[in-house]
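Please examine the sequence and structure shown here before reading on.

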Amino acid sequence: MPVPLLDVNAQNHPLESELQAAFTQVLKHGRFIMGPEMETFEKEIATMTGAKHALSVSSGTDALLLALMALNIQPGDEVLCPAFTFFATAGAVSRLGAVPVFTDVCPICFNMDVNDARKKITAKTKVIMPVHLFGQCADMDPILALAKEHGLKVIEDTAQSIGAQYKGRQAGTMSEFGTYSFFPSKNLGGFGDSGMLVTNDDEMAEYARVLRVHGGKPKYYHHYVGGNFRMDTLQCALLSVKVKRYAQYTADRQRNATHYITELSKLNGVVQANPAHCKCVATQDTWLAAQNAKIVLPVSYEHNSHIWNQFTLRVLGGKRDALRDHLVAKKIGCDIYYPVTLDQQKCFANLPASSLSGCDVSHRVAGEVLSIPIYGELTEAQRNEVIAAIAEWVA
Ligand SMILES: *Cc1c(COP(=O)(O)O)cnc(C)c1O
């Protein structure tokens, strides 16, 4: 039985009649731009995340861009962001003429290495932009403390982690701005591109709201140069149907992750990452070698509530592509997030050397990672198929 990496239809098709009703309602009133469903959906996200203000926007990428614009990031300003993340994180920085400065990541949770971030702060640094990657929060307390110490702002790229928690706090709401994405493969997956910007700051919210509509307030009177960062009414209406079910979607992913961890840990050569090795790669490697580990399973830090946007294995000994080929041959969906770190992207090659230095752990994990199917609608038979294929490979 083939198992796809993601099956959006399995989640969306059961909602067909409700989605059609939402569509029909918007079709009838015809207010396709900033119609009433927009405010409803924004309130739902604000309630779900506890953010004071939620602004729907055209994409997760535009949410990042808008956050940086609202913080008045200028050409030459430096923004610290992890080297191991999706391109948009740093792309948004570059589009404003600002300079992304890449930090290394933790080998256990794949998120920003705060000690490395500290080393890379300069007089030009304005923002720290941690990413809550794969559904798990970055270590926010030290990041926020570092920002405070140096008078920096923080933007949480929460594209992959809406609803995840850090020490009981909601991802995206712990700093100046949080950004969400409703790209179809995210945990709250929409029907096209869209996203959300959240903040607890009244003035920032108001400024971002104006920038969202070309910086005009009132309409046709422009104090600022903004953009068109609006989310369609239709998309808001459709996502309102799904947001009501979000807790279940998350629970389903968490159940799948628990099942994988329980079953895969039983295999020889498969071990779960040890959170104690967060700060010391050498200790980790000795420990992994002692167990003849071939595959390292992901782990959720105890203080985190992980929402499993990805279930990402690390395959040791240069064998990652071999496991991928094996799974592909067995018709098990899998993919590499991400094969090339941002500091190694061609488009950033002419950044100053100080932007691109010291990302060794990022380079290493980019060569080891492989994500396997974790979407909520996977059946037990499908999960077992994935486990059997991995068992066959490690045997
Ligand atoms: C998906 C994603 C984005 C961009 O979101 P879009 O809605 O696709 O523009 C930004 N950052 C990260 C980490 C992402 O995974």
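## Basis of the model

The model is predicted: local features need pLDDT of at least 70 and side-chain atom pairs count only at pLDDT 80 or more, while totals for chains, interfaces and linings use all residues. Residues are numbered from 1 along each chain as its sequence is written, and side-chain values use heavy atoms, without hydrogens and water.

## Cavities found

Searching the whole structure gives 2 cavities of 30 Å³ or more. A cavity is a set of points, on a 1 Å grid over the protein atoms alone, where a 1.4 Å probe fits but cannot get out; lining residues have an atom within 4 Å of a point. Grid points are joined across faces, edges and corners, and a volume is the space filled by probe spheres set on the points.

## The largest cavity

The volume of the largest cavity is about 100 Å³. It has 14 lining residues, of which Leu6, Gln11, Pro184, Lys186 and Arg253 are the closest to its centre. Because domain 1 and domain 2 both give residues to this lining, the largest cavity lies between them.

## The second largest cavity

The second largest cavity has a volume of about 70 Å³. Among its lining residues are Ile108, Phe110, Leu133, Val299, His306 and Trp308.

Key
1 Å grid on protein atoms, 1.4 Å probe; cavity = no way out; pocket = protein on both sides within 12 Å on 5 of 7 lines; lining within 4 Å. Domains from an automatic or database assignment.
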